[in-house]
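This briefing is meant for a reader who is meeting the structure for the first time. Please keep the sequence and the model in view while going through the points that follow.

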Amino acid sequence: MKRKLLSVCLAIVLAGSSVTVNAAENTAQEQQVLEDGNFSSEEGGSETLQKENEASQDKEEIAEEIQENKESQESQNKDETLKEIQNDGEETGDTVQSQIEQESEDEKDNVEGALKEVEEENDIDEIPDDEVESKDELEALEIQQENEKDDIEIPKKEVRKAGKILEDEEKTLDSLKLEVNDGIEPMGAPASITVKNVAELTTALKNAAKSATAKNPYTINVKAGIYNITSALAIYSHVIINTEKETVLNISKDITVNSYVTLNLQGSTIKYSGEKSKYALYIKPGVKDVSIMGGIVEGGGVYLNKAQNIEIKNTVFRRYKENGVFAKESTLNSIEGVQCYGGITGISLTESKAETIKNCKLQDFTDNGIKLTGEGAVVTEISKNDLVSVSKEKGNETNGIYLKDGAQTGSIKNNEVNTCYIGIYIVGARVGSISNNKVLRVGEHGIYLANNSLATGSISGNTVKSFKRSAIQLYTGCTVKGKIINNVIQDGKGTGILITGPTNKKKGSVVGNIEKNNISNCTGDGIGIYHASHCGSIKNNKLDTIGGNHNGNEGDYGIIVDSMMKADTYCKDITNNEIKNVTYAAIAIYSGPSASTSTIYQDTAYVKGNIANNKIINSGTYKPSKDWKQEIANGGKKGCLSGIYVDTHARVKGDICNNTVDIVGEHGIYIHLMSFVRSIYGNSVTNSKEAGIEIFESTVEKDIYDNTISNAGTNGIAGGRNGIVKGKIRDNIIKNTKGCGIYLDLSKFTEISKNKISGVKKHGIYVTDKSTATKIQANTISMSNAVDGCGIKTSEDSIIAKIHKNKIEGKMSYGVRTAGAMRNMEISNNTMTTSNSSKEQFNPIRLMNGRGFTYTVKNNNITGNKTNYGIRIEVGKAQITGNTVKKMTYPIYVKSNKYVVTIKDNKISENKNNSIKTAGKKITTNKVELQSVKNLKGNKAKVSWKKRKDISNYLVYQSEKKGKSYKKIEDVRGNSYTIPRLKKRKTYYYKVRGYQKDGNVMVYTDWSQEKSLKITK
């Protein structure tokens, strides 16, 4: 027991480094032993084995020496020493051992055997082959093991000298107590040394390996100078290295860094020329708490493998072969202010975590500036980095910031990426938000999410300029839960914002709102939603100068929602966007395939709500060449040049409303080819080269109303080839069109009413080619010298039930011109006025081709300019009654007498000729003069009138009530008629009217005055 206690005390003294051996007091032999203990790092494995054997022998000899020479004194010295310690309030040997166990597990290990600690921590045989980069590193690790063994393997004479400390009668109790305390817990200041050459640096590192602890780190200050180091360097735990400015460490082998190491390399340079390793600094597995601060590292980067809590700040890596910073299955506190020039990747984290990557400059990389790989790759923030690659061209696909295979980051913000193939590339990975980045001069995409990537926040405030495919793109199953908002996109040879998936799979992408983006000078689309993708609202965006590729696919539209497959592609609504200078349509909804008559793709592309409050200027600017058919064969298009374009089975489930459309290559609003919209209202369309609004082989579920259309190149509102409006075309203002105000061609409209049409060059309202407009009523149409123009015109195969209460005025050829109909038609209560003639003579109402049905023309008010006919009937059955016609050449003209035409009860005045002109006669309709009504014997009444030459027959009417309920009594050719068998003492009332026939045409005169007669005899 006594021997064991003495051995413990000796171990405490020796392992605690509190005994300083003075070389001057040693014998030559002892000095040589000490020097042999610090053998060169160039020695091989056999020397290591020899040292281990010698260490074992020396330990046995130490124990024997203590037993032989000190046995007799051990107990006495121990008792005296411990007694004095107790008297002074100090702890005994057993108490010392107990205190060590309580305070620190590491200190207890030192007491029980420093060698065991060294073997456990630095066993070379336990280092995996893949964690040792070179033979030099192996040798460095061997040096560490041997040096730490030297702390235990003290030569025999030194052991004897140490043993004499307890034997020396003159040694004071304080001295012994100090030595014991030093062995338990060193209390001195941390060691610090300044070196100025390679030898001193090497020695300092060896000494640090022996003595540095967490409580007493070892600081090495390296003076400025050039250090040519040919052997491997190992920086062991609890070491701080400070280098002065202009320090250059030329190393040919990598530097191994252990735990709790700080490298302050400010203003200094490490030049690595090694060939075996691609990294100048190697942080091995299990290492933790390392800081690399400042300096320049040339020729190699830094490699982390299963390391923890690593910090790299303000260090420059350049001319390295692969990665500036590479981490595998490691954890980094931050990578900040790092600069990487050259190599494949600047910063690469594989299955590694980092708090931040910020304020770094990454330049001239050939693959990635910042790369995160694997689900374990998690970075809280990637911000304020400056990335510039060597190429933006295909074939050298470089990425500025690249996340793949499940990697994650909280945010990517305030970075600047320049001259890359893809600026920010998220593939199969996850990001919180992407904001306020600048991405310039990219060969393909600015910000690109692919393969089921997820952004839980928004893509906002980014600037993307000079790109070739897309500025911001989501491809194949990606999701942005936030918005794409406030981005500036300029100067691209592709699409500004593209949300899409593959054309052969239902793997589209999803985003929230797309709003407040500023997109200009892009040759593709401004915003494109394609192939099973969808988004929230597309609103408040500004787009200018969009299109120019003319490729017929993903290009040339301001905003497009395009399915091209049997999968839903949609947005919530499209509102409040400002779109200028677009090659094709400013807004397009397309549900493909083109020109198909099948409904298999019906409604696969749609807007859930409205297309509303958008401002569109100068859309559809594409001008095909003379060989435009060949352009189309090559993928181009002639068409789709509208302001708002809903095409090929697409649907707007809400309304197209309150949009402003000005200067359009074709139609202002075009619903085309089996598409649907609920209503179209409140829009302003000006200066369209074709129709302001056209419904072509498509359906409006409700009304087209309250729109203002002016200066249309063809028609204001048009329906073409089975265009259908289930509600009304009402309350629209249409003016100065080069064609018609409202034009129906093979279309079905329920009602056209209360529209104001003026300044048109052809017809106010034209219904033709099997079209239907059940009612045309209460419209106001003002014509201005239209050539062959009509206020309202219908064709012979159209279906019109009623033309009613319209007001038609101005210079025109016809007020209402019907070229036939498929059913009975009523033309009633219209007002038609003209002040002078147009190039054609004015016929307020002209009836043509009326076979198989009857025109009813009644209660119209017609005022002409004393040219031509008020009502002209050419072919067909007609009832002309109750009309007021004045200031015409003839009020009514019936060209043919083959059809039954009845003309009666019209008010005719102020015409050149107030008679009715038929095919063979001129018949006046002035009222018959009723001369007398007399009571004859036998309860009879004789009615007499004045006979006229232009009247062949007279009709006698009788009533028992004044002014009403008249019944025809007789058709008479003479000038009187006697009515028999009347009731005595009863009063009767009589009226007479005449008529003339021309074939089947019958013209009635006005009624005579009414006369009464009381039967008295």
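**Confidence**

- Over residues 1–141 the pLDDT stays under 50, and for this stretch the model has 162 contacts beyond four places in sequence.
- Residues 143–189 likewise have a pLDDT that stays under 50, and here the model has 91 contacts beyond four places in sequence.
- Where pLDDT is low, the predicted coordinates should not be read in detail.

**Aromatic rings**

- The count of aromatic pairs comes to 18; one of them joins Tyr282 and Tyr303, whose ring centres are 5.6 Å apart and whose planes meet at 20 degrees, so the pair is stacked.
- This pair links distant parts of the chain, since Tyr282 belongs to strand β10 (residues 279–283) and Tyr303 to strand β13 (residues 301–305), 21 residues apart.

**Charges over rings**

- Arg651 lies over the face of Phe676, at a distance of 4.3 Å from the ring centre.
- Arg817 is placed over the face of Tyr814, at 5.4 Å from the ring centre.

**Salt bridges**

- The count of salt bridges in the model comes to 24, and the pairs described in the next points are among them.
- A salt bridge joins the side chains of Arg678 and Asp655, with a distance of 2.9 Å from N to O, and the pair links distant parts of the chain, with Arg678 in strand β55 (residues 676–681) and Asp655 in strand β52 (residues 651–657), 23 residues apart.
- Within this pair, Arg678 counts as partly exposed at 33% relative accessibility, whereas Asp655 counts as buried at 7%.
- The side chains of Glu200 and Lys196 meet in a salt bridge as well, at 3.2 Å from N to O; Glu200 is partly exposed, with a relative accessible area of 27%, while Lys196 counts as exposed, at 58% relative accessibility.
- Arg730 and Asp731 form another salt bridge, in which the closest N and O atoms are 3.1 Å apart; Arg730 is partly exposed, with a relative accessible area of 23%, and Asp731 also counts as partly exposed, at 27% relative accessibility.
- Glu298, Arg318 and Arg319 are linked with one another in a network of salt bridges.

**Cysteines**

- The structure holds zero disulfides, a disulfide being a covalent bond between the sulfur atoms of two cysteines.

**A buried loop residue**

- Where is the place of Asn462? Asn462 is in the loop between β31 (459–460) and β32 (463–467), and at 0% relative accessibility this residue counts as buried.
- Leaving aside residues up to four places away in sequence, Asn462 touches Ile434, Ser435, Asn436, Asn437, Ile447, Asn486, Asn487 and Val488.

Terms used. Residues are numbered from 1 along each chain as its sequence is written. This is a predicted model: local features need pLDDT of at least 70, side-chain atom pairs count only at pLDDT 80 or more; totals for chains, interfaces and linings use all residues. Side-chain values use heavy atoms; hydrogens and water are left out. A salt bridge is a side-chain nitrogen of Lys or Arg within 4 Å of a carboxyl oxygen of Asp or Glu. Buried means under 20% relative accessible area, exposed over 50%, partly exposed in between (1.4 Å probe, protein chains only). Helices (H or I, at least four residues) and strands (E, at least two) are DSSP runs, numbered from the N terminus. Rings of Phe, Tyr and Trp (its six-membered ring) pair if their centres lie within 6.5 Å; planes under 30 degrees apart count as stacked, over 60 as edge-to-face and the rest as tilted. A charge sits over a ring if NZ of Lys or CZ of Arg is within 6 Å of the ring centre and within 35 degrees of the ring normal. pLDDT is the predictor's confidence in each residue, from 0 to 100. Contact means heavy atoms within 4.5 Å. A disulfide is a pair of cysteine sulfur atoms within 2.5 Å.
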